Each structure stands twice: as structure tokens, then as C-alpha cells.
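Hi everyone, thanks for coming.

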Amino acid sequence: MAAPWARGRGREGRGWGQGEGSVGSIPVDPYSKQSDPQVILKRQGKAVGIVAGGVVSELFERDEEMDLLTDVLAGVQRGEGGVILLGGGPGVGKTALLDAFLLRAADAGAQVFRASGALSGTGGDLAVIRELFLGSNEDEDEHLRAATRTREGAAEFEDRLFAAMCRESRLRPVVIGVDDAQLADAASLRCLLYLVRRLRSAPVMMVLTESTGPHTLPPAFHAELLRHPQVRQVRLLPLSRDGIAGVIEQHVDTVGSPGLVADFHAVSGGNPLLVHALLADCRDARRLDPRQPSRAVASTAFTKAALAWAYRDEAELFDIACGFALLGESATPTLVACLVGRGADAVDQVMTALDTAGLLEGGTFRDAVVGKAILEHVDAVTKANLRRRAARLLHDDGAPATVVAHHLLAASVTEPWAGRTLLAAAEKAMEEGQEELSLDCLRLAGQSATTERERAAVVMARVKTGWQIDPRLVVPWLDPLVGALNAGHLKGADAASAVKHLAWHGQFREAQESIAALSEAPYADDPRMEDELHFVRRWLRHTCPPLAADVPGPARPAARRGPQPRQVSPSSYAVELLGTVLAEGPDDQTVAMAEEILRGCRSHQTVVEALEAALLTLVYADRPDRARFWCDVLLQQAGTRSKGTLVAILSGVRAEIALRQGMLPAAEAYGRAALSAISLPGWGMAVGSPLASLVLATTATGMTGEAGAWLNQSVPEGMFETRHGLLYTHARGHYHLAVDRPDAALDDFLTSGELAKEWGADTPAFLPWRTSAAQAHLALGSPAEARTLVREQLARPGGSTHRARGVSLRLLAATSAPDQRPALLRESINLLEACGSQVELIRSLADRSQALHALGAPAKARMAARHARTVADNCGADALFRRLFRDEASEGDHGFEGAEGEDEGSANLTAAERRVTALAAVGHSNREIGRKLFITKSTVEQHLTRVYRKLGVRSRAELGDLFVGTHADSGTERLARTS
């Protein structure tokens, strides 16, 4: 019987092409009157070829599912009906599996019908049914619409359709595939459910795919479907690492690096759609640069794939995915629902979909690239609105300020509450090393400030942040800072710290005026300001003494009743200790307190000026070994950062420590690191200290040209009114000595000395200007003046420290009678060796060698030279050794072998034996020698046995006499043995 909707002139019907790998269309006879379901089935049954984009791809980790589908198909061929409900998250490969199976079914001779549900479709009722059986035949489509407008007409159509399918299935099996069935219209679902109920008596197979998400099959449909015994439910999972490896191997010759599969899994979560997109991007990247290593590269294809699975005609899925992408690690179901205006149930469903697709991990996208790809397809206005809402939601929920700040910056929010959050975020970002984020927050905070006090807070924050990054950034904000201070808009502690920044950049007059302003309202009675001002005053006392002398004393408020408890911070203690050492010299208690302060400090929690003060206290207390230990600890706490004021100042101190220990290459390296950590203008008045270390290190190593280049660097005039200027002038004097300009050297030494006395910092441990001036006098032929200066230094507080006394004794020997020099120099050598001052030790050894030569003891002189050679090798002072030992350095093996007058045994000593001999001669134990030379105690004993035989001595005492003579007192002998 002809169906009434089949009458009329038909058009071309759509179907699956029969050819291999092709998609064709079957023409409908325009004059046919047989348009009932039987005829429709016959027409569409001819389309059996199934492809995906014209390419048939191999599926991975889908063997079990394909076997199940094939088994059901085999049952259909035996006359049994069956239904498969194929579920899974977006992009896990449901469509690909369905297409592959339908192709296999067509190859097996089955009649294949395929359709897809879609929210965006305009087909209305029975849209999926019409796509399955009518294609694009609009005339028959209209007849079908008319026939099914009534309940009776629809029921009649369902009965006749099933009957037609049963008749056709007698010839060959019928397979129906519906992709995205959850998006099918209700009428089509009713029709499909009707067919399911009748499948027990018909050899028809139905495969439905359902994607998890906000749109699912109606619960009633699910319940009705799953109660039938012939229905089986299958859920696809993302690919495992092995599955990803199989996909990669299918497209490239080798998987490449072992981490490639892990990279793919980390980015895609095993989602096949994204895995293939990553492969495409990787192939493109390798095509552009064949040398590029194999790795997961997310680019254009990945972005399009992420958008494809996120959109899928489901606006809710895309909106909620955007919410998760935008909130990132802050995302929670409730926050996302509030952000995008969707219900909590929909958010839960999308989370389930993303999780089953392998894209979520712990409530966030596995890789930020996925979220970024989604957000790239949101228009700017919508994205900005979402950012504003996200910022407010997170702020109200008490999220970290830096998290809120990311959204504020993206949307340029300038509301008053945003300004406070941005200031907090800027401070937190600096603690976490996110300098650019901190500066961005401050820029936007400045735009949101509406009152003078708010603007002052932003200025102070910019000064603090700029100081940590590079003090050069502070300069543009100094005038607004002074204005805010004078207007009373700064907090007490901030107001006092402003003085420090002004002094650092040489604005001494403004600093002095600012301190005067702090003694007046509204700062006078603020205890927080007093504590900070206490620290600043003491810092000024040893940093910029002239300014500290002009600063009025602390105010004494009269309104207070009774004693007022006051907490002194470790920072204040540290600067007080340094001031004490500079004025009075070191003592054991000072050293212990400095170490106690450093033990309780952390580089990111303590102001760097306090750390510098505590370290320099140890340096000027003649404990460079302890200073080195703590400075290295603080540099390690700074992490891998090589920039910033903290690293700059600590590196500058480390350079001074290395210089005190005579480690010249290290001193130069740390000095360079200090100057590269921040800009030269950023160093302000403090630039003199690292430059002084570099000048002294390069001068000592014989690189006077490089030392001169450092001295040619532009320095601020105000530097010479600071402690750093004293060090710089003193170092310049040693450069003048090295280039044979003793008059200029003497002028620099005396100038620095006069200022040191005037400023109350005249201790040899800090600035040994007297012994330096004595060297200049000796070069000018004035030994009497030199001797006077040396004796003055020995009498000064701190003049008895090992290093200061060792240098003084060397110069005192130079002004003494020839027969008195060896004893003085021996004591000098022992003192300098005890404190580890290797450069000064080489100089004392050189003077002793010359003195012994003058007294007619060449063998002993050469032993001193050998000792100096060992020390020079250890500290990188080869140029200094060659300059001081010109005769020995010009001979073979630095004068240690074949020298005239040397006995045969000594000439035959190896280099290793000479080093062991030099250390043993001054009293080191075998264990100490082994530790210094990195050899075992047994090796030391073997070396000494051979040395005794070659030199003809019987004991260590005779060896010591051969090396240093017999003019030393027992105290010096004991010191050498225990150093």
C-alpha cells in the first residue's frame, strides 16, 4: 500500500556511498508512487560505505567494544535483534567507533542507516527519523510531517515502518546508527523506543551514542531502554599511555624521546580528539624545524580540537567549560555556576563529562593549554565581564590576593576595593618572585586610587617593590614620596623608611628634612615610626656619617605616662653591632650576637640592610670564615635568582669576604655578579663597595688595566660622603701603588684615613689605611714615616686581630734591621695563615724570602718561595706571585728545581712533595695536610718519608728549621702547628 506522504515529485535522497572510501547519493525516482517505508528502506539500504573525512583510521584500545558490536551483529545475522548504548565524555571517540563499526557492518552485507542528533537543527519532530530514512527528499518529508501530526498517524507510521524493516531484514540484516542520541527530538526518540520494543522479533541492530554533559537522554527513555534484555550499555574511556603510544607510532617512524608519550598524556588526558590534534601540531612543528626535538606542541590544530569538543552544539557545555578555564585552580562547582549563570546540576554534569573525557584532574583542566584554547574563542567584551565577575566572586570568597589580581588585571577593574586587593597582591607577588605581576598590580592600583592617602599608599608600595627589583626604579617616585611624607599621608614605619631611600640615592638634604618632619605631628607619637626611625638612624650612622651627624636626636614626647615598653627588632641590633665594630673594634660577644641574628633571619623576611650589617660585622671582626658560611646560606635561600637588590648586596658582601680570604677569582666573580644583579645607577651611593672589591681583586691579580676600567666607571659625587666612598678611595690608592704612582696612592690613603677618624670608623679591621699609607711611604723612600704609621695601627682597637697584626708586622719588618726581619716575618706568616688571608700571606712569604736571601740562606729562602707558590695556586694569585718572586718565577718550574746552590735532594722533590713539605714545615699535622691537599693521611706520610731521605733530615723539627730558620719564639711555633 502506498503511503500518502510518498505522492509527488521527489528530489535526490541522501545515503552512504557504496564505493570504498567514498560518499555518494542515491537518486530517487521522481515518478515513483511507492513511497511507503518498504520503498524508503530499499533506497537507503544501498548506501553502505562509511568513512570519516575520507580517511579510515585505525582505532586504539577499542577492541573490546568493537568485539561486542560485532557479536551483536552476528546475532542479528542469526535473526536476533540487539541494541548498544555507547556512552562517554566528549571527544573520546564514540563517533569514530560508530563509523568504523557501520563500515564493517556494510562490508558484511548489512543495510546501514545513520543519523545524528543536533540541538541546532531546525527539523522539528522526527528529524532523526527523517535523516535516517528520507535524507533530503523534501516532498516525502512533507508527506511524513502531515501523516504524523496526529497520534493515530504517528502510530500507524511506526507500525508500517517496523513492518517494512522486518520484510527487508529477511534479505539481509539492518543496522541503525544514531550519533549524539541525547540531542534527538522527542518524536524521534519515541519512534526509536518503539522499534527497540519490537526488536525481539526482528533481526535489526541499533547503536546509539550518548555524550555525557548537560544534555542527556531523558530518564524515562533510559529506564525504558535499559529494561529490555537485548540492550547493552558500553562506556568509552580515554586512551591509556600505551594507547597514546600506539597512535603516535601510527603516524611517525618512532615515538621519539621517552617523555613524549607522557607529555601527550599530560596535555590531552588521553582524549583521542586532542591526541590527534597534538600529533598534527607536532608534525607541523617538525616540518618547520626538523631539528626540533620530539615533544608535545599545542598549537593551531589543538586549539581547534579543544573548541570542537567544547562547543558541540551545546551552549551550556561551552559556557561551563569557559568557567572552568577562566577560574583555573580556583574553580569549584559553586563558583563556576555563579560565574556563568548556570545551574549547579548542569555544572556537575559538565564536570562529569570533562572528567570522563580525561580532561579534568582535581577539578581543573589537566593542562592550561586546554583552557587557553577555549578562552581564545570568547569575544573580548564577554571575557572582560567574566573576569570582573570572577574577581568579585573570588574576592568575596577570600581567595589569595594574587589570584584575584590576575582577573582584575585582565579586566582592568579600578573599583576602590580592587585597589586594596592589588596592593596586597603586589606585596605577595614580590615575596613569590613574580616581579612583573607586582608591577602590573601597582600600575592598576594607581589608576584606582581616588584619595591622597590611597595615592600615597600606592607610591610607598611602588618604592618598596622598586627597591627589591632595582633601586633605580625608585628614583621617579622619590618626589611624590617626600610630598606624601610632608602631608602626613604615610604610615609611621613607611615614613621612616623613606629617609633610607632618599639617602641611598644621595638626596641628603631631603633626607635630613624628612627626619625633621618625623618629629612633628602626625608622626611624633607613633611608636611604629619610632622603631623604624631607630633602625634608620643607626643605619645612617655607619652608612652616611655626615648625614647622621646633622640629624636631630629622637624626640621625647611629654604626654606619655610611666615607662613605655619598646621592642627592638633584630634589624636594629644588627646595625648597632656594625656601628660598634667600626667604632670600637671586634670582640667575641659581638661575633656571637651577629651569628645569633643571622641564625634567626631569612633572606626574604629580613630587610637586606640588616643582613648586610650582620655579615659585615663578622667580616670586620676578622671572622671571614663565618661570614662566608652565613652569606652562602642567605644566597641559597634566595634560590636561583640572579637579579634583585637582595642578590646584589649579598654578592657584594661575598666579594669582600673572598677578598679578605685572598680568593681573588671568587672576589672578582662575586663583584661582577653584584654589579649585574641591578643597574649601576640602582646601586646609588653604595656602588663604591663592589667597585672597591673589583679594583682590589684585579689589581692583586696583575690586571691593572681592568682595575683602571672599573675606576673609570661613573660614580655619584655623594658616594664620597659614605662608608662606601672610604672603601673605594682606599682601593684606588692600592691601584695607584700597583701602577707606580705612590704619591697619588698616599694621598688617597691619607684622605680616607682622615675621614675614617672624623666619622668614628677608624679601626684597622675595617680600613687599614695606616699600613696602606706605610706601603706608599716605603715606595717613596720614607721608612720612618712608615714605621710610625705601623706602630699607630698596632695600637688601635682591632689592630691585634690576626689579619691586621700580620700585615703590620710585615711592614714593621721592612722598616727594621735585616737580622730582625725573619722573626717578624715568621710571626706575620703564622698570623696570616691562621686567619686565611692568602694574598697577604704571599706578600709576607715574599718579604721573608728576600730577607733570607740577604742573610745568606738561599735554601731557606727558596723554601719560603715554594710555600708561596702553593698558596698562590690555591687562591689564584699566580700574577701576584710572579711579580713578587721575579727571579724564582723566571727559572724552570718556578725556581723550584735546578736552582744554583740548592742541594741535590731538594732539587729532586716532586711538586706534590714540595707542597706537603711547605705545610709540614710550618707545623700542620698529617691529617691537616691531607685535608688541605685532598689526599689521604697515608699518602702524606709516604711523601714525608721520601722528603726526609732527599733532604737529609730526620724529623719534622729539622724540616721546620730548614724552612723558617731558628729565630721564632715558642708561641709562634705553637700557633703554626694549630692553625
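This is a predicted model: local features need pLDDT of at least 70, side-chain atom pairs count only at pLDDT 80 or more; totals for chains, interfaces and linings use all residues.

Let's start with the overall picture. The protein has 979 residues, and 54% of them count as buried. Its secondary structure comes to 50 helices and 9 strands. The accessible surface is about 41,800 Å², with 50% of that belonging to carbon and sulfur atoms. If you take the contacts between residues at least 6 apart in sequence, 69% of them join residues at least 24 apart.

Now, salt bridges. How many does the protein have? The count comes to 36 salt bridges. Let me show you a few.

Is Arg654 buried or exposed? Arg654 is buried, since its relative accessible area is 5%.

Another pair is Arg796 with Asp762, where the closest N and O atoms are 3.7 Å apart. Here, too, distant parts of the chain are linked: Arg796 sits in the loop between α38 and α39, Asp762 sits in the loop between α36 and α37, and they are 34 residues apart. Asp762 has 5% relative accessibility, so it counts as buried. Arg796, on the other hand, is partly exposed, with a relative accessible area of 28%. There is also a network: Arg869, Asp873, Asp878, Arg882 and Arg915 are joined into one by salt bridges that share partners.

For a pair of sequence neighbours, look at Arg509 and Glu510, which form a salt bridge with the closest N and O atoms 3.2 Å apart. Arg509 counts as exposed because its relative accessibility is 52%.

Next, charge on the surface. Which residues gather in the patch of positive charge? They are Arg927, Arg931, Lys932 and Lys937. Helix α47, residues 926-933, supplies the largest share of this patch, 3 residues. Lys937 is found in helix α48, which covers residues 937-951. With 41% relative accessibility, Lys937 counts as partly exposed.

There is a patch of negative charge on the surface as well, made of Glu61, Asp63, Glu64, Asp67, Asp71 and Asp242. Helix α2, residues 63-77, gives the most to this patch, with 4 residues. Asp67 lies in helix α2, and it is partly exposed, at a relative accessible area of 45%.

Stay on that helix for a moment. Val72 also lies in helix α2, but Val72 is buried, with a relative accessible area of 10%. Beyond its neighbours within four places in sequence, Val72 is in contact with Gly82, Ile84, Met205 and Arg232. Its C-alpha atom is separated by 9.3 Å from that of Gln230, which is 158 residues apart along the chain.

Leaving aside neighbours within four places in sequence, Gly652 is in contact with Ala674 and Ser693.

Last stop, backbone angles. Most residues other than glycine have a negative phi. Asp622 has a positive phi, near 65°, and lies in the loop between α29 and α30. Asp740 also has a positive phi, of about 65°, and its place is in the loop between α35 and α36. Where do they stand on accessibility? Asp622 is buried, with a relative accessible area of 15%, whereas Asp740 counts as exposed at 66% relative accessibility.

That's my tour, and I'm happy to take your questions.

Methods. Residues are numbered from 1 along each chain as its sequence is written. Side-chain values use heavy atoms; hydrogens and water are left out. Patches are made of residues with over 30% relative accessible area and no salt bridge: like charges are joined within 9 Å, nonpolar side chains (Val, Leu, Ile, Met, Phe, Trp, Tyr) within 5 Å. Accessible areas come from the Shrake-Rupley method with a 1.4 Å probe; for residues, only the protein chains shown count as cover. A salt bridge is a side-chain nitrogen of Lys or Arg within 4 Å of a carboxyl oxygen of Asp or Glu. Lys and Arg count as positive and Asp and Glu as negative; His and the chain ends are not counted. The place of a charge is taken as NZ of Lys, CZ of Arg, CG of Asp or CD of Glu. Helices (H or I, at least four residues) and strands (E, at least two) are DSSP runs, numbered from the N terminus. Buried means under 20% relative accessible area, exposed over 50%, partly exposed in between (1.4 Å probe, protein chains only). Contact means heavy atoms within 4.5 Å.
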